[in-house]
Amino acid sequence: MATQHTVPAGAAQKPSVRPANPRFSSGPCAKPPVFDLNKLSGAPLGRSHRAAPGKAKLQAAIETTRDVLGVPADYKIGIVPASDTGAFEMAMWSLLGERHVEMVAWESFGAGWVTDVAKQLKIEHTAHTADYGEIVDMAALNYDHDVCFTWNGTTSGVRLPSGDVIPEDRKGLTLCDATSAAFAMDLPWDKLDVTTFSWQKVLGGEAAHGMLILSPRAVERLESYTPPWPLPKIFRLTKGGRLIDGIFTGATINTPSMLCVEDYLLALDWAKSVGGLKGLIARADANTAAISAFAETHDWIGFLARDPATRSNTSVCLKFTDDRIADGAGFAKAVAARLAEEDVALDIGAYRDAPAGLRIWCGGTVETADIEAMLPWLSWAFETEIAAQMAQA
């Protein structure tokens, strides 16, 4: 049974307006506002994904992704298993090892990729790390080496402001985990050789499916280099030294959920209806701007990202700054719990490995009106928890 938090005498008055949708989780994220289960009735359930209807749906998912994201025509897009994690692991295991690797991490998921390269693949590498709230100096990397990085730190709320420092004439490959950036940030495709993301982030799709986008340079590496370690079937992108092209035309490595594919297609159609990538970015920016305005007028909360230029517009990570808070982790959990009990903000606690605080998803599927309705409740929860803490002192 969930703990019920008491409200101390003299606590702040509860706001009168509630968010229409209290779902601010950073994954799986809020469904598009138009979502309705009945809209998935066109899914070819009980049919083989290799039959004509299934193949057509998968091909549509690939090509509509290309259209919305503006992926170049000569880049390959594939639907792969195991979400963004599966997609990025597939890329690392299939492509790395040909040269030295620059591993970049400023939050937990990037740190996980460093661990895989160091302890599992055991590749010669250099690790570049930054604390939560900070970012690595990407201009200091050697791009004649391969480079692995996350575009947006889902657990730190810190993102790359641009890809300007990545040279076009690099000799190495750039491998970018863009799972909380795709569909919310303008990704420079000419600077990215491998890009991965998952459906359950910015478009609010269902989990377990990943997307793998390869540049011509990445395809060339796949067809000219064979890693020295054995590859499980689920990671194999080539056969006989040639790219398995069917993976990038809808012939998936394993069986996808056609219900999830239908859901993704619905989300893509909605994305086009709100202005495509530009519209999605504008929606995320508006959500983040609402939180920024709130933080500017409330001195007890601030962004975990120290530089405004690197603040994420999707996974917005916040920290409490009031000197009266004795136990930062306990206080943040209590505030998040109060908001969840009131059904005004669900799943907004900081990631388990991140500093204590809150994480509010601001991707385009979230309505700005819901962010604006939630923020007075955040004030209420803060003031109520401070009062409860003072009463116990």
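Where does Lys-233 lie, in terms of the elements α4 and β10? The views that follow take up this residue and several others in a model that is predicted.

**View 1. Lys-233 and a patch of positive charge on the surface.** Lys-233 is placed in the loop that runs between α4, residues 216-224, and β10, residues 238-239. With a relative accessible area of 59%, Lys-233 is exposed, because residues count as exposed when that area is over 50%. On the surface, Lys-233 gathers with Arg-50, Lys-55 and Arg-236, and these four residues make up the patch of positive charge.

**View 2. Asp-169 and a patch of negative charge on the surface.** Asp-169 has its place in the loop between β6, residues 158-159, and β7, residues 174-177. Its relative accessible area is 63%, and Asp-169 is therefore exposed. The patch of negative charge to which Asp-169 belongs also takes in Asp-144, Glu-168 and Asp-190, which gather with Asp-169 on the surface.

**View 3. Val-101, a buried residue of strand β2.** Strand β2 covers residues 101-105, and Val-101 lies within this strand. The relative accessibility of Val-101 is 0%, so the residue counts as buried, the limit for that term being under 20%. When neighbours within four places in sequence are left aside, Val-101 is in contact with Leu-96, Ile-123, Glu-124, His-125, Thr-126, Asp-146 and Cys-148. A further relation that can be followed in this view is the one between Val-101 and Gly-172, which stand 71 residues apart along the chain, while their C-alpha atoms are separated by 8.6 Å.

**View 4. Thr-310, a buried residue in a loop.** Thr-310 is found between β12, residues 301-303, and β13, residues 315-320, in the loop that links these two strands. Although placed in a loop, Thr-310 counts as buried, because its relative accessibility is 6%. Among the residues in contact with Thr-310, once neighbours within four places in sequence are set aside, are Ile-135, Gly-157, Val-158 and Arg-159, and the list also includes Pro-161 and Ala-305.

View 5. Along the chain, Asp-299 and Phe-320 are 21 residues apart, and the separation of their C-alpha atoms is 8.9 Å.

Definitions and conventions. Residues are numbered from 1 along each chain as its sequence is written. This is a predicted model: local features need pLDDT of at least 70, side-chain atom pairs count only at pLDDT 80 or more; totals for chains, interfaces and linings use all residues. Side-chain values use heavy atoms; hydrogens and water are left out. Patches are made of residues with over 30% relative accessible area and no salt bridge: like charges are joined within 9 Å, nonpolar side chains (Val, Leu, Ile, Met, Phe, Trp, Tyr) within 5 Å. Accessible areas come from the Shrake-Rupley method with a 1.4 Å probe; for residues, only the protein chains shown count as cover. A salt bridge is a side-chain nitrogen of Lys or Arg within 4 Å of a carboxyl oxygen of Asp or Glu. Lys and Arg count as positive and Asp and Glu as negative; His and the chain ends are not counted. The place of a charge is taken as NZ of Lys, CZ of Arg, CG of Asp or CD of Glu. Helices (H or I, at least four residues) and strands (E, at least two) are DSSP runs, numbered from the N terminus. Buried means under 20% relative accessible area, exposed over 50%, partly exposed in between (1.4 Å probe, protein chains only). Contact means heavy atoms within 4.5 Å.
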